[in-house]
Amino acid sequence: MSGTFMAAEIASQPGCWRNAAALASANSELLPPPGARVAIVGCGTSWFIGQAYAVLRESAGLGETDAFAASEFPDGRGYDHVVALTRSGTTTEVHALLAKLRGRTPTIAITGVPREIEAAADTIVDLSVVDERSVVQTRFATTALAMLRAHLGEDLTAVADQAERVLAEPLPDELVTAEQFSFLGTGWSVGIANEAALKFREACLLWTESYPAWDYRHGPISISEPGRVTWMFGQAPEGLADDVARAGGLFVESGLDPLADLVRAQRVAGAIAARKGLDPDNPRSLTRSVVLT
């Protein structure tokens, strides 16, 4: 994967996250205040990052927060703010929703290309400093989440340090040669698990799935066997690692903050792409933005 835009963008993440507090401070008046009822929307990666943020914000006691795919936003919920996360600023479903909400609900767009969406949203949070050239999203999405976590009062310094260590470590062969991955999370890390699975599908065309960890035993564990990986983001439910081992699969649990562990998953996806001779910057059937005409 070395030499790709994706590799460089993955490697830049710890530095980007170290600026999370400054980004949060600069945009503090633009982001939802404590107590507000908030929905965050997006497509693909942006939706999954939104899932993580929604759980973190609500768990912090800062207000009811929901996440939706932009195409599935429900009418009549009465949110105080709707936050749209969109790297390109051009996503059709996001623009359609913002137009529908105009004059009804205050909207905030977190974007890498403000000019593409500034006329559609009431407020713009400019993250063009972490925009990317690879089609596969890495640093834009994770920096957006780091900024949102900092806005919730978290200190991302230790998380950035963990990611630096992840970038320096060699990748185990048993991960780079695996034939299938199931990614698991609990709470806010369910969104991270969903995002990791998407990265593998996009970058290296590998069969991946993602589930809430407690639900994995309810059927999906049946596919675990030698050569397949069950990867846990955050702390696993008691006994789950033993259950996977009995099925013959490899259970991965790092003890890292899930955002830092996502960097390791991104690296594995890139390494598998390189092994398969694929270009992760330009995945099959994908473009940087989905614009429907």
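**Close-up 1. Strand 3 is covered on both of its faces.** In this predicted model, His-81, Val-83 and Leu-85 lie on one side of strand 3 and Val-82, Ala-84 and Thr-86 on the other, and all are buried (under 20% relative accessible area, with exposed meaning over 50% and partly exposed in between; 1.4 Å probe, protein chains only). Six of the six residues of strand 3 (residues 81–86) are buried, so the rest of the structure largely encloses this strand. Strands (E, at least two residues) and helices (H or I, at least four) are DSSP runs, numbered from the N terminus. Residues are numbered from 1 along each chain as its sequence is written, and side-chain values use heavy atoms, leaving out hydrogens and water. Local features need pLDDT of at least 70 and side-chain atom pairs count only at pLDDT 80 or more, while totals for chains, interfaces and linings use all residues.

**Close-up 2. Here are the neighbours of strand 3 in the sheet: strand 1 and strand 4.** Strand 1 (residues 38–42) pairs with strand 3 in the parallel sense over four bridges; pairing requires that DSSP finds at least two bridges between two strands. Val-38 has His-81 as its bridge partner in strand 3. Strand 4 (residues 107–111) runs parallel to strand 3, and five bridges join the two. Look for Val-83 opposite Ile-108 in strand 4. From strand 3 the chain crosses through helix 5 (residues 92–101) to strand 4 in a right-handed β-α-β crossover: with the strands pointing away from the viewer, the path from the first strand over the helix to the second runs clockwise.

**Close-up 3. Helix 11 is mostly covered.** Of its 18 residues, 16 are buried. At the start of helix 11, a side-chain oxygen of Asp-257 comes to within 2.9 Å of the backbone nitrogen of Leu-259. Just after the helix, Gly-277 takes a positive phi of about 75°.

Notes: A polar contact is a pair of N or O atoms within 3.5 Å; within protein, one must be able to donate a hydrogen and the other to accept it, and residues adjacent in sequence count only if both atoms are side-chain atoms.
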